[in-house]
Amino acid sequence: MESLLYHKYESCSGLLEFSEEVLSFLNNIKYDIGNRVLLVGKVGELGKRIRAFGVQVTILEHSNREEICFSHVMNENCTVVNGQLEYMPFNDEYFDKIIVLDYLNHTSDCKKSVKEINRVLKDNGEVIVEDLNLKDLKVKLKYFKHRICGENIHYNYPYEVSDIFKSFNFEGKLKEIDNKRYIYIGKKK
């Protein structure tokens, strides 16, 4: 169960293969020339695709490996920075838009991650989060598997994610997709 956006941005995928729901979502994301966009998580080739709109794309890669990461290979002309969502190495109010795909549930502290998003996002900046929905039984089993294996992660229900963003002065909307995934789109006030 990969991100809808990630899966459709694999290297052999073409624009004609998108479902109507994903196309509608992608078409509603507006980019202005010169904007700074941060991508986090399973971004596939999304960086390269939105870079074509004239925006500056930075990819936050959580990698402990010394080898070339997937983001470098698939997203030429994008800046790739090593770091974590909970401790981002960026200046305050630096980004116009932050897109987090299949990653928020894999952080150890969602509130700390949202606090960092709030810090590095400009006023009236937009955050887009797509992730697994804990309402789905397979997602619950995956979460328990991670916990049993000793990973320090905490999955959140979609309404919890929405509430956390709201507590940091974001105004947003939440859409659940077949109880398997959710998309949250919020604006920093």
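K97 lies in strand β4 of this predicted model. Helices (H or I, at least four residues) and strands (E, at least two) are DSSP runs, numbered from the N terminus. K97 counts as buried, at 7% relative accessibility. Buried means under 20% relative accessible area, exposed over 50%, and partly exposed in between (1.4 Å probe, protein chains only). Leaving out residues up to four places away in sequence, K97 touches I29, K30, Y31, R36, V37, L38, L121, E126 and I128. Contact means heavy atoms within 4.5 Å.

Residues are numbered from 1 along each chain as its sequence is written. In this predicted model, local features need pLDDT of at least 70, side-chain atom pairs count only at pLDDT 80 or more, and totals for chains, interfaces and linings use all residues, while side-chain values use heavy atoms, with hydrogens and water left out.

The protein chain holds 7 helices and 7 strands. From the N terminus on, its elements run α-α-β-α-β-α-β-β-α-β-α-α-β-β. Of the 189 residues in the chain, 47% are buried. Among contacts between residues at least 6 apart in sequence, 61% join residues at least 24 apart.

An open sheet of 7 strands has the order β3-β2-β1-β4-β5-β7-β6. Its pairing is mixed. Two strands pair if DSSP finds at least two bridges between them. β3 (79-82) and β6 (170-177) stand at the edges, each with a single partner strand, so one side of each lacks a neighbour in the sheet. Neighbouring strands are turned by 15 degrees against each other on average, direction ignored. Axes are lines fitted to C-alpha atoms, for helices over the stretch in contact, and angles run from 0 to 180 degrees between N-to-C directions.

Strands β1 (residues 36-41) and β2 (residues 56-61) pair in the parallel sense over 5 bridges. V40 has L60 in β2 as its bridge partner. β1 also pairs with β4 in the parallel sense, again over 5 bridges. Here V40 stands opposite V100 in β4. On its other pairing, β4 (residues 95-101) is joined by 6 bridges to β5 (residues 121-132), and the two run parallel. I99 stands opposite I128 in β5.

β1, helix α3 (residues 46-51) and β2 make a right-handed β-α-β unit. A crossover is right-handed if, with the strands pointing away from the viewer, the path from the first strand over the helix to the second runs clockwise. Helix α5 (residues 110-120) lies across β4, β5, β6 and β7 (181-188), running at about 145 degrees to β5. Helix α7 (residues 158-167) lies across β5, β6 and β7, at about 170 degrees to β6.

The largest nonpolar core has 24 residues. Such a core is a set of buried Ala, Val, Leu, Ile, Met, Phe, Trp, Tyr and Cys residues joined through side-chain atoms within 4.5 Å. Those with the most contacts inside it are L85, I98, V100, L104, I117, V127 and F165. β1, β4, α5, β5, α7 and β7 each supply at least two of its residues. α5 gives the most, with 4 residues. Apart from neighbours within four places in sequence, F165 is in contact with L104, V114, I117, V127, V129, F170 and Y184. A second, separate core of 17 residues includes V37, V55, I59 and I177.

A search of the whole structure finds 0 disulfides (pairs of cysteine sulfur atoms within 2.5 Å). C78 is buried, with a relative accessible area of 12%. C110 also counts as buried, at 7% relative accessibility.
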